[in-house]
Amino acid sequence: MKAKVLLSLVLLCGNLAAPTARAGDAASPVPAACELPPYLLTSESQLPKVAEAIKAGKPLEILVIGSRSTTIPSSEGSSYPARMEAILKEKLPPSEVVHVSVEIQSKKTAEETASTFVKLMEAKTPTLVIWQTGTVDAIRSIDPDEFRGAVTDGVVALQKAGADVVLMNLQYSPRTETMISAQPFLDNMRVVAQEHDIPLFDRFAIMRQWNEQGQFDLFSPSRGPELAKQVHDCLGRALAQFVIDAAHLEPAQQQN
Amino acid sequence: MTIADQVTGSTIAGTAGAKPAGTKLRAAAPAITLPAIGERELRLDLFRGLALWLIFIDHLPPSLLTWFTIRNYGLSDATEIFIFISGYTAAFVYGRAMLESGVLIATARILRRVWQIYVAHVFLFTIFLAEISYVATRFENPLYTEEMGIMDFLKQPDVVIVQALLLRFRPVNMDVLPLYIVLMLALPLILWSMKWRPDVTLGLSVVLYAVTWEYDLYLSAYPNGFWAFNPFAWQLLFVFGAWCALGGARRMSRILASRVTMWISIAYLVAAFYVTLTWYVPQLSQFMPKRIEQWMYPIDKTDLDVLRFTHFLALAALTVRFLPRDWPGLKSRWLRPLILCGQHSLEIFCLGVFLAFAGHFVLAEISGGPVMHALISLSGILIMWGVAWVISWYKRVADKSGAKTKNAVGNADLAGGG
């Protein structure tokens, strides 16, 4: 399994030479702390519906389905969905309406979350769903094969409802590394993303990169929200860039 | 680990004073043959020691040193080496006990060993509990409120602790000892069957392995999932080790010495190396035929994929060929630390798991730079060596005075593992 995933990683890395993420612009300079190698922000898979909506000037409705790590307790405005919304608004033409809504299903496994998708998609009709999952399953050490099945079912349900899908994996959490075995879940999400040709936002690798490069000290035991805010800001920026990139928006369709 | 006998004594003293007790045994049991007592296989100790070091490094977060572990160069890793050697040494020691003292006595000794491993496992679990409780109370970074959900099990210690005692709740990195306990529990049966027909026993083991793959046998774990190392599959390596110890290796010597085997092994290892290379050097993967990829992946560790098993066989075949039993280097000072660690494998294995916990802890609480990381890896290995030395000192000096009655009973260390 690991091998399979590594293999797909390889495919991803094949993009190393691909055009660099178009980050860094006049409107809001990217903080140095957010810097990432381009391969972490590119995907071979595409988001045709997002591209279509923007081309047609239709509003871009994004739904983030997540869990507790989608938000920062008591400062939702600084969480990555909110930051992504702000950055997308900056980067897309002013005429483009961007709206991000968040659906938090805390302490639910992928299977439990996926079972709500049909109803959820009836209530909202997003152009793009960003589904962040895996943490609860890893904590409960759900059978990785079952997890893969659940993620597959969820992705299929979302696609059937007519949305583009981006999968987002676990946070890199060095403190709990000895307690939570993330690898099988990371691997399986990558496999599902590859099988369904949908972009995978590799939150785990991105955060690990920041930690290793010393941009953030993710070991920090600090109780204050500052670190969380900064990390979410960077995640939101990275995610916005990732979406723009995967939708293959022409520079003309971007603000800058 | 109070049991020590000439086997230990002689190796630590440099394999002097061997007793030729093996000859009598051989006459008694034509089905299996044991090497003469005293000729302790230093190669086994060496590679088990190496496996212990590699397992320790693999349990730490990835660092530069991780690139020296064999899992980056092929399909199998240190776990295979460890289980195989454990099967080999366990059969060697308790097989002798079974021939000498009968099934009952050998079984009793094996069960005592199982108990020791079990206690070691529970000890490690206690340390894990202490660590997780510490983190739970000290660590409140709002970025990780969700991950702290792992602490939820502390809310129902009644269930969790019982499940841990039943070996069903195994925290990360604590999967090997339960596997070893189950394999050791099966050892009396394996040995008894080997005494009768070694080849049939090996055949049965292969059948069980195949059935496991065909019908998906597994042991469930708590709260979800299954054992990370499936004993029904991994027993193959253990039984194969036992089979080799009880004369199989000798009978295979012609195959092992043949050039055809050598070239097949080399070819396989090179191919496997290429496969692993494609994981790290993306550009290479385009030269991999899609059909082979589809056939090959996933390479399953839980159920000991055939590709992993054969990779281990190829490694072993080449090792046996190019590293003769009487290679003078085995006595060199430089390999001494590895051999010492391999000789006290249960203790050193547990220590390694503990050190990995502690290493994570230091990285988390003090600093996480690469220098610290290297320091932790190196000092971990030094500690393993030091403790192995102390243990052998106890056996050699401290315990010598009291027990004069020791004789060639099952040597726990030789059979050790975990």
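Strand S4 (residues 164–168) of chain A is mostly covered, with five of its five residues buried; a residue counts as buried if 20 or more other C-beta atoms, placed from the backbone, lie within 10 Å of its own. Strands here are DSSP runs (E) of at least two residues and helices are runs (H or I) of at least four, numbered from the N terminus. The model is predicted: local features need pLDDT of at least 70, side-chain atom pairs count only at pLDDT 80 or more, and totals for chains, interfaces and linings use all residues. Residues are numbered from 1 along each chain as its sequence is written, and chains are lettered from A in the order in which they are written.

In a regular strand the side chains alternate between the two faces of the sheet. On one side of S4(A), A:Asp164, A:Val166 and A:Met168 are buried, and on the other A:Val165 and A:Leu167 are buried as well.

S4(A) belongs to an open sheet of five strands in chain A, ordered S2-S1-S3-S4-S5 with parallel pairing; two strands pair if DSSP finds at least two bridges between them. The edge strands, S2 (98–104) and S5 of chain A, each pair on one side only. Strand S3 (residues 128–132) of chain A runs parallel to S4(A) and is joined to it by five bridges. Two bridges link S4(A) to strand S5 (residues 200–201) of chain A, also in parallel. Bridge partners include the following.

| Residue | Partner |
|---|---|
| A:Trp131 | A:Leu167 in S4(A) |

From S4(A) the chain passes through helix H8 (residues 183–195) of chain A to S5(A) in a right-handed β-α-β crossover, meaning that the path over the helix runs clockwise with the strands pointing away from the viewer.

In chain B, helix H3 (residues 42–59) and helix H16 (residues 370–398) pack at an angle of about 145 degrees, with axes 11 Å apart. Axes are lines fitted to C-alpha atoms over the stretch in contact, and angles run from 0 to 180 degrees between N-to-C directions. B:Leu52, B:Trp53, B:Phe56 and B:Ile57 of H3(B) meet B:Ser377, B:Gly380, B:Ile381 and B:Met384 of H16(B), where contact requires C-beta atoms within 7 Å.

The contact between the two chains takes 41 residues from chain A and 36 residues from chain B. H15(B) gives the largest share of the chain B side, four residues.

How values were computed
Buried ≥ 20, exposed ≤ 12 C-beta atoms within 10 Å, placed from the backbone.
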